[in-house]
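User: Can you take me through the aromatic contacts in this one? Here is the entry.

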Amino acid sequence: MFNTLKPAPPDPILGLTEAWREDPNPQKVNLGVGVYKDDGGRTPVLEAVKAAEAALLAAETTKTYLPIAGDPDFRRRVQAFVFEGPAETAGPRAVTLQTPGGTGALRVGAEFVRFAAPDARVWLSAPTWPNHAGVFSAAGMEASAYPWYDAAAHRLDTAEMLAALRAVPAGDVVVLHACCHNPSGADPAPEQWLEIAAAAADAGWLPFLDAAYLGFARGLVQDRAATEAFAAAGVPFLQATSFSKNLALYGERVGALTFVGPDEGTAATALSQLQRIVRVLYSNPPIHGAAVAARVLGDRLLRARWEEELTAMRERIHAVRGELVDGLAARGVPGDFSFLRTQQGMFSFSGLSDEAVARLRTEKAIYIVKGGRINVAGLTRGNLDYVCDSIAEVLGAPG
Ligand SMILES: Cc1ncc(COP(=O)(O)O)c(C=O)c1O
């Protein structure tokens with residue numbers, strides 16, 4: 001039965017971390033991994049999370065199953081969080097389910113779209129997070145690409161992107177990164193989100209927002225620009241919200257899927273179908289992380305502490321971007337890397353060729369995803385000079 005079984009190719013991102021772990025070089029640096037690191041190279045548990053956990057542990061009385069759609073308190077608080085401020089108007093026609101991480105939300109959403117509109121195609125930005133293609137194809141959907149990033153100019157390709165989105169057929173689905181586009185770090189400005197939302201309304205396609213990094217670009221309020229644009233346009237849309245990065249709950253698998261329907265009745269019907277989908281995928285979601293997130297979102301002091309910690313993460317990322325640009329310039333590395341300063345979130349396309357990426361790995365034990373995506377949060381006081389020196393050497397800066 002299993003004689004013809006062949007090994008699956010390693011995951012392009014998680015596989016790289018495995019290789020880095022096994023590398024005996026003491027100077028090794030992992031710029032491939034998709035988690036935030038502090039200046040000591042650690043991914044700590046947030047203080048707000050620790051405090052919420054302590055309170056929960058003291059009050060816990062049971063580990064019994066959650067409902068299929070998840071913790072009701074979490075669902076309410078996440079929906080309020082997603083639609084805080086100007087997007088509030090979309091609240092009444094929205095339903096939110098707890099999911100295992102943002103990936104779980106994407107997969108449940110993909111299954112839902114496939115069920116509701118079996119012929120719909122999914123449109124993914126070029127480039128995008130590699131797992132998007134896998135998740136939507138696992139749900140049986142065919143994927144097409146729309147332009148996003150102008151690699152030569154190191155910026156969002158606004159004109160090409162908008163032209164392509166205006167031509168997406170009605171009834172298809174378009175996945176958009178709500179902020180901190182992974183892998184490019186190139187985000188639309190708020191007025192460009194309005195143009196994208198107008199394209200959705202005019203052409204009749206369904207936006208699917210992937211919000212995996214809320215709070216990592218400009219702040220929780222500013223990073224809602226995409227949600228606000230689609231809410232204001234009055235179109236139905238889906239949003240996958242992950243708390244893996246912004247609450248640093250990674251392995252607790254905390255996410256949510258929000259469906260905004262054309263009206264309240266459709267949203268309620270959609271919820272029943274979403275629950276049916278979840279029942280056969282994983283039955284019901286895990287308890288702990290969602291209870292923690294609900295508590296942090298709902299408690300005034302914990303929420304304030306969390307926002308401070310999130311601000312510190314965001315500011316470190318912005319600072320390290322500047323230090324990398326300055327470090328490369330100081331070493332006379334050929335090329336202008338100033339674009340790294342304006343990109344948002346943990347990820348950037350460094351512009352490093354696949355050949356340079358390969359040399360950095362074999363000669364310097366610096367691990368970067370093929371294509372040149374770097375996680376700038378992997379840079380610390382302890383490794384920044386080494387990384388800048390190594391890039392200078394590989395790119396042939398004057399000694
Ligand atoms: C763009 C994007 N979407 C979704 C996810 C999934 O996040 P989670 O770990 O919550 O499943 C990630 C994680 O790296 C991501 O980068």
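User: How many aromatic pairs are there in the whole structure?
Analyst: A search of the whole structure gives 13 aromatic pairs. Rings of Phe, Tyr and Trp (its six-membered ring) pair if their centres lie within 6.5 Å; planes under 30 degrees apart are stacked, over 60 edge-to-face, the rest tilted. This is a predicted model, where local features need pLDDT of at least 70, side-chain atom pairs count only at pLDDT 80 or more, and totals for chains, interfaces and linings use all residues. Residues are numbered from 1 along each chain as its sequence is written, and side-chain values use heavy atoms, leaving out hydrogens and water.

User: What about F74 and F243?
Analyst: Their ring centres are 6.0 Å apart and the planes are at 75°, so the pair is edge-to-face.

User: Where do the two sit?
Analyst: F74 is in helix α3 (residues 72-82) and F243 in the loop between β9 (237-242) and β10 (255-260), so the pair ties together parts 169 residues apart in sequence. Helices (H or I, at least four residues) and strands (E, at least two) are DSSP runs, numbered from the N terminus.

User: Is F74 buried or exposed?
Analyst: F74 is buried, at 0% relative accessibility. Buried means under 20% relative accessible area, exposed over 50%, partly exposed in between (1.4 Å probe, protein chains only).

User: Switching topic: which residue has its charged end over the ring of W20?
Analyst: K28, 5.1 Å from the ring centre. The criterion is NZ of Lys or CZ of Arg within 6 Å of the ring centre and within 35 degrees of the ring normal.

User: And what lies over the face of F347?
Analyst: R373, at 3.8 Å from the ring centre. F347 also forms one aromatic cluster with Y36, Y213 and F216.
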